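Visitor: I'd like to learn how to read salt bridges and ligand contacts in a model. Could you walk me through one?

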Amino acid sequence: MSEYKAPLRDMQFAMDEILGYQSHYASLPNGEECSPDMVDAILQEAAKFSESVIAPLNSVGDEEGCQWNEGKVTTPTGFKDAYQQYTENGWAGLSQKPELGGQGLPISLNNVVYEMLVTANHAWSMYASLSWGAVSTIEAHASEDLRQLYMPAVIDGSWSGTMCLTEAHSGSDLGLLRTKATPNEDGSYAISGSKMFISSGDHDLTENIIHIVLARLPDAPTGVKGISLFIVPKIQVNQDGSLGESNNVSCGSIEHKMGINGNATCVINFDDSKGHLIAQPNKGMSAMFTFINESRLGVAQQGHSHIEASYQAALAYAKDRLQMRAPVPQNPEKPADPIIVHPDVRRMLFTQKAFAEGGRVLNYYCAQLVDIVHANQDAAAVESAQSQLALLIPITKGFLTEASLEATSNGIQILGGHGYIREWGQEQHYRDARITAIYEGTNGIQGLDLLGRKILGSGGKVMGPFVEKVRAFCQANSGSVYAQTTEKALDQWLTLIDKLGVVAAKDRNEVNAAAYDHLMFAGYTVLAYFWAQSAVVAEQAIAAGSDETEFYQAKIATARFYFERILPRIDSIATMITSGSDNLMDLPAEAF
Ligand SMILES: Cc1cc2nc3c(=O)[nH]c(=O)nc-3n(C[C@H](O)[C@H](O)[C@H](O)COP(=O)(O)OP(=O)(O)OC[C@H]3O[C@@H](n4cnc5c(N)ncnc54)[C@H](O)[C@@H]3O)c2cc1C
């Protein structure tokens with residue numbers, strides 16, 4: 001099995017050469033410590049930790065899975081020790097507030113570290129990453145007392161967090177949820193109900209687990225307008241922060257599932273468990289979006305990480321595996337050529353590479369926007385970043401997770417029969433990646449959010465700041481064929497949206513019928529923008545006499561592949577979208 005190696009050079013290309021992270025850090029009040037040396041030292045250490053401690057547990061977690069025994073959940077061998085090292089070395093609080101025990105570094109830097117942790121081991125990384133969403137939600141919506149009580153221990157990693165939304169009958173449609181919250185005399189609430197599919201819902205890594213729970217107050221309106229948000233600890237917390245009594249939170253079972261077996265997916269039962277209301281009553285759904293948006297970007301990273309991991313393993317194999325001859329033999333002294341000479345293998349490898357490296361820039365760009373929203377003091381910059389994130393979150397989550405399914409399938413195919421065999425690790429990437437298109441809002445729901453709620457719902461306004469950026473880049477680099485093609489794709493996208501706006505006004509089915517395909521159209525177009533930038537920067541570096549010509553030439557070759565063999569998919573997608581909704585809706589359900 002191939003070993004994970006953090007692609008530090010490519011990360012640095014995305015951070016510094018494309019996205020200007022150094023000047024970005026200089027613009028943030030919490031970025032002044034981020035000198036190039038400091039950033040480099042953090043990334044080197046994170047790479048070492050991910051490669052040597054976390055990655056070796058990836059197949060262990062898959063094979064052993066988590067165990068449930070009389071309500072207690074045990075994680076796979078080595079997970080607890082790795083988690084201890086993670087907290088002891090201060091990784092848990094890297095971008096958390098210093099006044100609560102964190103190190104206060106920019107979120108985008110934590111995101112690069114996160115890439116390494118997830119690529120090394122998706123299942124393990126979820127024990128850490130859900131805590132960040134819980135912290136942000138508590139910070140954004142809870143009272144100062146609750147923040148002081150709950151945040152420090154989650155920040156230092158001695159407690160972990162979860163998000164408890166889903167119930168057996170309530171998945172995409174959270175308006176159906178039934179978990180109840182009844183006021184107690186002391187101002188707290190008694191929470192009762194059963195949540196399903198809760199990631200990291202119970203485990204043996206931390207001494208307490210802080211659940212962020214959606215529930216209904218008595219007499220709450222039906223639907224999403226009657227949902228409130230609560231903190232419910234597994235073990236009650238005394239006023240001085242010490243652990244108190246059990247809080248009647250139990251794990252009823254864990255799921256036996258297709259992938260991410262090292263992460264416990266739990267049924268969590270609340271039985272008059274003591275909880276605290278955060279945010280306004282009945283406004284829980286919009287408050288939960290703090291967690292949901294952060295998690296959607298995290299899931300985009302998970303998709304991207306599987307692309308990277310699968311690519312690394314497939315590339316090593318393709319250089320090593322000898323089968324058949326190229327038209328002109330490349331390896332005459334050996335019985336056959338390595339399979340990387342074959343065009344079809346190159347097609348699959350290039351597809352992985354284009355999604356891995358382009359997807360990295362897209363993810364890092366979103367993380368940069370998150371930094372701006374959290375820490376920049378320029379109101380116009382914050383507004384622009386918020387608008388861009390509103391547009392890019394569903395695209396990044398939906399597109400990169402769909403791309404991960406294609407790329408990890410390619411990874412199996414490149415290894416031929418060996419790709420299908422567990423020992424080589426490729427099939428685990430495929431199985432582990434599969435959930436990313438489902439949780440945090442299925443990609444069908446991302447498509448609806450993007451087209452219906454965000455784009456058409458804002459009369460197209462949400463697109464303004466991002467479109468302006470793309471347009472400015474294309475016009476400033478109008479000599480680049482890649483910039484020209486990007487601008488053409490952008491115009492096609494805008495025209496498509498205009499057409500959809502017209503048909504949607506007549507028939508609501510048109511939006512739903514177009515939503516998924518439109519999401520993919522948007523994803524290919526957005527990725528074109530980042531590949532065009534990569535090509536332009538690489539061309540400039542070569543022209544300036546860089547001694548890394550091989551690195552930059554590979555960028556230009558991958559950009560060319562992307563523009564000539566991947567981006568043209570948008571033309572057929574546009575044809576599918578404009579075929580209308582009748583071809584989906586005319587057949588009555590009973591006639592299927
Ligand atoms: C391993 C795992 C981990 C998870 N972790 C968590 C967690 O930590 N916390 C948590 O709260 N939940 C978690 N979930 C739940 C997950 O978020 C849900 O499974 C997901 O939101 C989909 O809900 P559902 O399974 O009920 O599917 P459904 O909502 O029943 O959807 C079924 C299908 O119908 C489609 N569909 C539904 N409505 C529409 C519509 N209006 N238009 C178009 N298509 C539609 C969906 O896209 C999907 O394809 C997890 C699930 C799994 C499997």
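Guide: We'll take salt bridges and then the ligand. This is a predicted model, in which local features need pLDDT of at least 70, side-chain atom pairs count only at pLDDT 80 or more, and totals for chains, interfaces and linings use all residues. Residues are numbered from 1 along each chain as its sequence is written, and side-chain values use heavy atoms, leaving out hydrogens and water.

Visitor: What counts as a salt bridge, and how many salt bridges are there?

Guide: A salt bridge is a side-chain nitrogen of Lys or Arg within 4 Å of a carboxyl oxygen of Asp or Glu. Here that rule gives 26 salt bridges. In one of them, arginine 360 meets glutamate 115, at 2.7 Å from N to O. Arginine 360 sits in helix α10 (residues 343-375) and glutamate 115 in helix α6 (residues 107-120), 245 residues apart. Helices here are DSSP runs of H or I, at least four residues, and strands are runs of E, at least two, numbered from the N terminus.

Visitor: Is arginine 360 buried or exposed?

Guide: Buried means under 20% relative accessible area, exposed over 50%, and partly exposed in between (1.4 Å probe, protein chains only). Arginine 360 is buried, at 1%, and glutamate 115 is buried too, at 0%. Both also belong to a salt-bridge network with Asp10, Glu308, Lys353, Glu357 and Lys555.

Visitor: Which residue does glutamate 406 pair with?

Guide: Its partner is arginine 569, with the closest N and O atoms 2.8 Å apart. Glutamate 406 is in helix α11 (residues 379-414) and arginine 569 in helix α18 (residues 569-577), so the pair ties together parts 163 residues apart in sequence. Glutamate 406 is partly exposed at 24%, and arginine 569 is partly exposed at 25%.

Visitor: Now the ligand: how many residues surround it?

Guide: Count a residue as near if one of its heavy atoms lies within 4 Å of the molecule. That shell holds 16 residues, the closest being Thr166, Ser172, Phe197, Ser199 and Thr442. Strand β5 gives the largest share, three residues.
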